[in-house]
Amino acid sequence: MFAKSLGDDGAELRPLEPWNAEEYFTHIDRSREFIGRYIGLADAAADLDSARAFLQSYADKTAADGGRIYGIWLDGTLVGGVLFRVFDAREGTCEVGCWLEETATGRGLVTRAITVLIDWAVDVRGIHRVEWQADAANAASLKAAQRLGFVRDAVLRGSFARGGGRRDVEVWSVLAPEWRERRAARTRG
């Protein structure tokens, strides 16, 4: 197992695997309302068995090279995560996603973790297009996409059901040449 440091604040990025189910369920349960405002992740972990099944589905996706999931630990506590919800190396496309407990927001954890994922996808796997989809009402997620250099492509009106109504989804993307240029600019500056 690996742990990748995300900086000087004790944050680490690690794979989330089925054996982490109890810790994952505790994390989701602790933040169910906050996480569930915009994404269905909390619904997928209603109890320990469903949390384990969810993590197993990502273990299966990883084995099939179709997705991956990673946790963000802060001082040894799981506080969120990032994932490749979709990963298609053959087509050169993927979709990244994220979630955090409310107590972990505002620290740049998602930006740092997603940067690790995109660097790997673009540099190691040859991904050309990285996509980010977010509930149009999720201002924090949209700001994270902007900070990372994503460009808004579209709004999918009434795309999914949440909270008793229909929600719009914004689709953002960054292309490999744009990502590399942005990274080069950060290193120069």
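On a 1 Å grid over the protein atoms alone, a pocket is an open set of points where a 1.4 Å probe fits, with protein on both sides within 12 Å along at least five of seven lines, and lining residues have an atom within 4 Å of a point. Grid points are joined across faces, edges and corners, and a volume is the space filled by probe spheres set on the points. The model is predicted, so that local features need pLDDT of at least 70 and side-chain atom pairs count only at pLDDT 80 or more, while totals for chains, interfaces and linings use all residues. Residues are numbered from 1 along each chain as its sequence is written, and side-chain values use heavy atoms, with hydrogens and water left out.

The largest pocket holds about 970 Å³ of space. It is lined by 37 residues, of which Ile-39, Cys-98, Trp-99, Asn-138 and Ser-141 are the closest to its centre. Helices (H or I, at least four residues) and strands (E, at least two) are DSSP runs, numbered from the N terminus; among these elements, β5 gives the most to the lining, with six residues.

The strands form an open sheet of eight, in the order β1-β2-β3-β4-β5-β6-β8-β7 and with mixed pairing, where two strands pair if DSSP finds at least two bridges between them. The edge strands, each pairing on one side only, are β1 (4-5) and β7 (151-162).

| Strands | Sense | Bridges | Residue pair |
|---|---|---|---|
| β5 and β6 | parallel | four | Thr-93 and Arg-129 |
| β6 and β8 | antiparallel | seven | Glu-131 and Ser-173 |
| β7 and β8 | antiparallel | eight | Val-151 and Ser-173 |

Strand β6 is largely enclosed by the rest of the structure, because five of its seven residues are buried, that is, under 20% relative accessible area (1.4 Å probe, protein chains only). The chain reaches β6 from β5 through α4, and this β-α-β crossover is right-handed: with the strands pointing away from the viewer, the path from the first strand over the helix to the second runs clockwise.

Val-130 lies in β6 and counts as buried at 1% relative accessibility. Leaving aside neighbours within four places in sequence, Val-130 is in contact (heavy atoms within 4.5 Å) with residues including Cys-94, Val-96, Ile-118, Val-122 and Trp-172. Gly-92 and Val-130, 38 residues apart in sequence, are 8.6 Å apart in space, C-alpha to C-alpha.

Definitions and conventions: Buried < 20%, exposed > 50% of the residue type's maximum accessible area, 1.4 Å probe, protein only.
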